[in-house]
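Me: I am new to this structure and would like to learn how to read a few of its features. Can we take them one at a time?

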Amino acid sequence: MTIAFVFPGQGAQTIGMGKALAEAYPAAKAVFDEVDTALGEALSQLIWEGDIETLTLTQNAQPALMATSLAAMRALEAEGVSIDKAGYVAGHSLGEYSALAAAGAISVADTARLLRTRGQAMQSAVPVGEGAMAAILGLDLEAVRAVAEEAAQGEVCQAANDNDPTQVVVSGAKAAVERAAEIAKAKGAKRAVMLPVSAPFHCALMQPAADVMAEALAGVDIKSPAVPLIANVRADAVSDPAEIRQLLVEQVTGSVRWRESVQTMAAKGVSEYWEIGAGKALSGMIRKIDRSLTCRQVGTPEDVAAATSTE
């Protein structure tokens with residue numbers, strides 16, 4: 001049985017995430033300490049005792065979710081499960097950075113700083129209120145691409161996240177995304193839900209953020225990951241550091257090809273997916289992509305015990 005470790009993206013954050021791991025495992029606590037030091041602030045205090053609105057700010061949520069995922073990874077390692085138990089790693093949007101840190105390609109400190117920069121750059125790329133995202137439920141990728149093209153009317157409107165066969169997210173100018181939601185419903189979508197996000201991620205409007213990340217990534221040491229990464233924008237395996245660097249830049253404006261990424265891993269023999277960190281959103285998507293695949297969440301000491309009891 002081949003296993004993949006997968007890492008969640010924005011939206012999975014909750015107050016208190018990772019705290020039990022930090023209390024149970026010194027190595028998990030050390031991750032949060034390292035992130036706090038790298039950012040020069042007590043992000044862990046915000047994660048464990050702050051308010052959800054502040055934690056949800058993109059510049060906070062991104063390093064916070066990474067820290068929680070890496071704390072869970074360190075807890076697994078303390079119980080004898082190392083990264084090489086996985087055949088592949090993958091992450092949803094910012095989760096790709098968590099995957100690379102878990103696989104030793106980027107240091108935890110560098111990853112925290114990159115994600116803080118990424119969050120700030122994505123937030124400032126488009127003035128608040130000018131962009132939007134909407135989840136289209138019940139139409140496949142090709143249908144949603146046609147909807148986005150019809151809705152654009154000279155503005156940016158793109159399929160941003162191909163999450164699973166029942167959910168594709170569109171991103172772009174607010175008016176265009178609102179048009180897309182109405183067009184999608186007229187074309188048979190079960191629902192079209194405007195998402196509570198502060199910026200239109202993974203579309204051409206994010207180009208200023210991609211430029212910032214190109215510069216930031218140029219100054220960071222990237223090694224070959226211990227196990228191959230299934231990259232968001234390619235939906236295939238990559239291990240070359242230069243290639244990884246380029247794909248992380250492209251990811252800012254490119255689509256998150258999650259459905260295809262899971263299909264790629266399944267075709268390579270991956271039958272079990274461990275969701276490392278907060279929440280269970282990826283597990284829900286994976287089950288919709290292929291009902292034969294099994295999923296396990298690893299975000300608490302109890303999860304770690306359950307995952308390692310069969311070792």
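**Reading cysteines, backbone angles and charge**

Me: Is C157 buried or exposed?
Reply: This is a predicted model. Buried means under 20% relative accessible area. C157 has 9% relative accessibility, so C157 counts as buried.

Me: How many disulfides does the structure hold?
Reply: A disulfide needs two cysteine sulfur atoms within 2.5 Å. The structure holds zero disulfides. For C157, the nearest cysteine sulfur is that of C203, 8.6 Å away. C203 is likewise in no disulfide, its nearest cysteine sulfur being that of C157.

Me: Is C203 buried or exposed?
Reply: C203 counts as buried, because its relative accessibility is 0%.

Me: Where is Q153?
Reply: Q153 lies in the loop between α8 (141–152) and β4 (157–164). Q153 is not a glycine, yet its phi is positive, about 50 degrees. Exposed means over 50% relative accessible area. Q153 has 56% relative accessibility and therefore counts as exposed.

Me: Which residues form the positive surface patch?
Reply: Lys and Arg count as positive. The patch is formed by K190, K280, R287, K288 and R291. One of these residues, K280, is in the loop between β9 (270–276) and α13 (281–289). K280 counts as exposed, because its relative accessibility is 62%.

Methods:
Residues numbered from 1 in each chain as written. Predicted model: local features only at pLDDT ≥ 70, side-chain atom pairs only at ≥ 80, totals over all residues. Heavy atoms only, no water. Patch = residues over 30% accessible without salt bridge, like charges linked within 9 Å, V, L, I, M, F, W, Y side chains within 5 Å. Areas by Shrake-Rupley, 256 points an atom, 1.4 Å probe, with all protein chains shown as cover. Salt bridge = Lys/Arg side-chain N within 4 Å of Asp/Glu carboxyl O. Charge placed at Lys NZ, Arg CZ, Asp CG, Glu CD. Helix = DSSP H or I, 4+ residues; strand = E, 2+ residues; numbered from the N terminus. Buried < 20%, exposed > 50% of the residue type's maximum accessible area, 1.4 Å probe, protein only.
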